[in-house]
Amino acid sequence: MSTFHTTWGYIAAGLSGLVGLWGVVMARRPQAPKVFLWAVAVSVSALIVQIVTGVLVASGGVNPGNQHVFYGVVTAVTFTFAYIYRSQFRKRPTLYYGLLMLFCMGLGIRGIMTFGHSF
């Protein structure tokens with residue numbers, strides 16, 4: 001499970017970055033194409049799988065460090081706020097979801113970099 005969590009972290013962060021960059025490039029469009037919204041859903045799902053496997057790995061006795069856990073929690077809280085403000089995202093979905101995915105990519109990269117470190 002630990003190997004899956006490690007490998008999936010790179011995949012989830014990379015996927016979030018690609019989808020985020022795609023959204024920012026298409027920011028001038030008034031409506032998001034369905035394929036972009038599906039890509040956002042896949043990227044968010046990949047990050048949620050990463051968070052859940054992180055909880056499972058940590059409960060199995062691996063000490064990930066405080067900073068690593070912090071970035072996982074911030075990612076989950078970010079998705080919570082994105083859900084709360086989803087009506088605002090409908091105004092310019094490609095820009096807002098693109099920025100959300102880029103922010104989550106940054107959180108994922110920081111989570112990867114801080115594994116095993118504590119504050």
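Thr53 touches Met1, Phe4 and His5, leaving aside residues up to four places away in sequence; contact here means heavy atoms within 4.5 Å. This is a predicted model, so local features need pLDDT of at least 70 and side-chain atom pairs count only at pLDDT 80 or more, while totals for chains, interfaces and linings use all residues. Residues are numbered from 1 along each chain as its sequence is written, and side-chain values use heavy atoms, without hydrogens and water.

To stay with Thr53 for a moment: the residue is found in helix H2, where helices are DSSP runs of H or I with at least four residues, numbered from the N terminus. Its relative accessible area is 7%, so Thr53 is buried; the cut-offs are under 20% for buried, over 50% for exposed and partly exposed in between, with a 1.4 Å probe and protein chains only. The side chain of Thr53 also reaches the backbone oxygen of Gln50 at 3.0 Å. That is a polar contact, a pair of N or O atoms within 3.5 Å, one able to donate a hydrogen and the other to accept it; residues adjacent in sequence count only if both atoms are side-chain atoms.

Now the helix as a whole. H2 covers residues 34–59, 26 residues in total. From first C-alpha to last, H2 reaches 38 Å, close to the 38 Å expected, which is 1.5 Å times one less than the number of residues. After H2 comes Gly61, with a positive phi near 110 degrees.

Which residues of H2 are buried? The list is Phe36, Ala39, Val40, Ser43, Val44, Ala46, Leu47, Gln50, Thr53, Gly54 and Val57. Their cover includes helix H1 (2–25), helix H3 (66–84) and helix H5 (93–113).

Ser43 is one of the polar residues on that list, found in helix H2 and buried at 0% relative accessibility. Its side chain makes a polar contact of 3.1 Å with the side chain of Ser16. Ser43 touches Leu15, Ser16, Val19 and Met101, again not counting residues up to four places away in sequence.

On to the nonpolar core, meaning buried Ala, Val, Leu, Ile, Met, Phe, Trp, Tyr and Cys residues joined through side-chain atoms within 4.5 Å. In the largest one there are 16 residues, and Val19, Phe36, Phe79, Leu100 and Met101 touch the most other members. H1, H2, H3 and H5 each supply at least two residues of this core. Which helix gives the largest share of this core? H2 does, with six residues. Phe79 touches Val44, Leu47, Ile48, Met101 and Cys104, with residues up to four places away in sequence not counted.

Next, the aromatic residues. The structure holds five aromatic pairs, that is, Phe, Tyr or Trp rings (for Trp the six-membered ring) with centres within 6.5 Å, stacked if the planes are under 30 degrees apart, edge-to-face if over 60 and tilted otherwise. Trp22 and Phe36 form an edge-to-face pair, at 5.3 Å centre to centre with 90 degrees between the planes. This pair links distant parts of the chain, as Trp22 is in helix H1 and Phe36 in helix H2, 14 residues apart.

Phe89, Tyr96 and Tyr97 form one aromatic cluster.

Gln88 has its place in helix H4, residues 86–89, and is partly exposed at 37% relative accessible area. A polar contact of 3.0 Å joins the side chains of Gln88 and Lys91.

Last, Leu102 in helix H5. At 27% relative accessibility, Leu102 counts as partly exposed. What does Leu102 touch, not counting residues up to four places away in sequence? The contacts are Ser16, Gly17, Gly20, Leu21 and Val24. The C-alpha atoms of Leu102 and Gly17 are separated by 5.3 Å, although the two residues are 85 residues apart along the chain.
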